[in-house]
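Here's a quick tour of a model, starting with a charged pair and ending in the core. Have the viewer open as you read.

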Amino acid sequence: MYDESKGLIAIATGYSDGKYTYEKLNHDLLQQDTVQSTPDQMQDKDSYTNAKGYLKRTVMEHSRSKWEANTHIISDEELDQLLSLFDKGFAVKDGECSKKKRQLCVRYYNDWKRDYATMICYVPDITFQYKTKLKGRLYYQPVRFAFIEL
């Protein structure tokens with residue numbers, strides 16, 4: 001079941017003795033109605049439609065999850081808070097996380113399982129669109145980011 005103390009999603013920021021430590025994503029930075037979780041997406045290999053029109057599927061064992069959201073209009077200070085958390089996750093020394101590959105480990109609430117799961121994922125490119133500069137601070141249009149399982 002969902003646990004408020006764990007939140008919807010948290011990024012691994014430490015790794016020791018085969019266990020991760022996590023920091024929750026600050027949901028105050030997010031547009032709540034843009035948060036999307038697509039857990040356990042099935043992957044097909046060489047599926048086809050037969051001569052009678054029936055789909056013949058070969059579903060692979062490994063499924064992939066995706067979690068995505070938009071921030072609200074965000075200041076440079078708030079964006080730095082979010083990206084600093086990503087950087088901590090990229091720096092985890094577990095043999096999987098990588099700043100170069102933008103890979104990290106996240107714990108997320110899996111709606112299919114009604115429980116928490118973890119995934120090693122990558123963060124696809126993020127577009128930063130400036131909104132304005134006000135009193136020496138930059139503000140950005142909502143920033144979309146995602147975590148996509150490997």
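Predicted model: local features only at pLDDT ≥ 70, side-chain atom pairs only at ≥ 80, totals over all residues.

Asp76 sits in helix H1 and Arg137 in strand E11, so the two are 61 residues apart and the pair links distant parts of the chain. Asp76 counts as partly exposed, at 30% relative accessibility, and Arg137 is partly exposed too, with a relative accessible area of 30%.

## Other charged pairs

The whole structure has eight salt bridges. One of them joins Asp87 to Lys99, with the closest N and O atoms 2.8 Å apart. Asp87 belongs to helix H1, while Lys99 is in the loop between H1 and E8, 12 residues apart. Asp87 is partly exposed at 36%; Lys99, at 53% relative accessibility, is exposed.

Arg102 and Asp125 also meet in a salt bridge, 2.7 Å from N to O. Arg102 is in the loop between H1 and E8 and Asp125 in the loop between E9 and strand E10 (130–134), so this pair ties together parts 23 residues apart in sequence. Arg102 is partly exposed at 36%, and Asp125 is exposed at 65%. There's a network as well: salt bridges link Lys66, Glu68 and Arg144.

## One face of helix H1

H1 runs to 15 residues and spans 20 Å from first C-alpha to last, close to the 21 Å expected. Its buried residues are Leu79, Leu82, Leu85, Phe86, Gly89 and Phe90. Viewed down the helix axis, the buried residues fall within an arc of 145 degrees, so they line one face of H1. They pack against E1, strand E2 (19–24), strand E7 (74–75), E8, strand E11 (137–140) and E12.

## The nonpolar core

The largest nonpolar core holds 30 residues, and Leu25, Trp67, Phe86, Leu104, Val106, Phe145 and Phe147 touch the most other members. Elements that each supply at least two core residues include strand E1 (9–16), strand E6 (64–70) and helix H1 (76–90). The largest share, five residues, comes from H1. Setting aside residues up to four places away in sequence, Trp67 touches, among others, Leu25, Met119, Phe145 and Phe147.

## A buried arginine

Beyond its neighbours within four places in sequence, its contacts include Lys6, Tyr22, Tyr116 and Thr118.

Note on methods. Residues numbered from 1 in each chain as written. Heavy atoms only, no water. Core = buried A, V, L, I, M, F, W, Y, C linked by side-chain atoms within 4.5 Å. Buried < 20%, exposed > 50% of the residue type's maximum accessible area, 1.4 Å probe, protein only. Helix = DSSP H or I, 4+ residues; strand = E, 2+ residues; numbered from the N terminus. Contact = heavy atoms within 4.5 Å. Expected span 1.5 Å × (residues − 1). Arc of directions from axis to C-beta. Salt bridge = Lys/Arg side-chain N within 4 Å of Asp/Glu carboxyl O.
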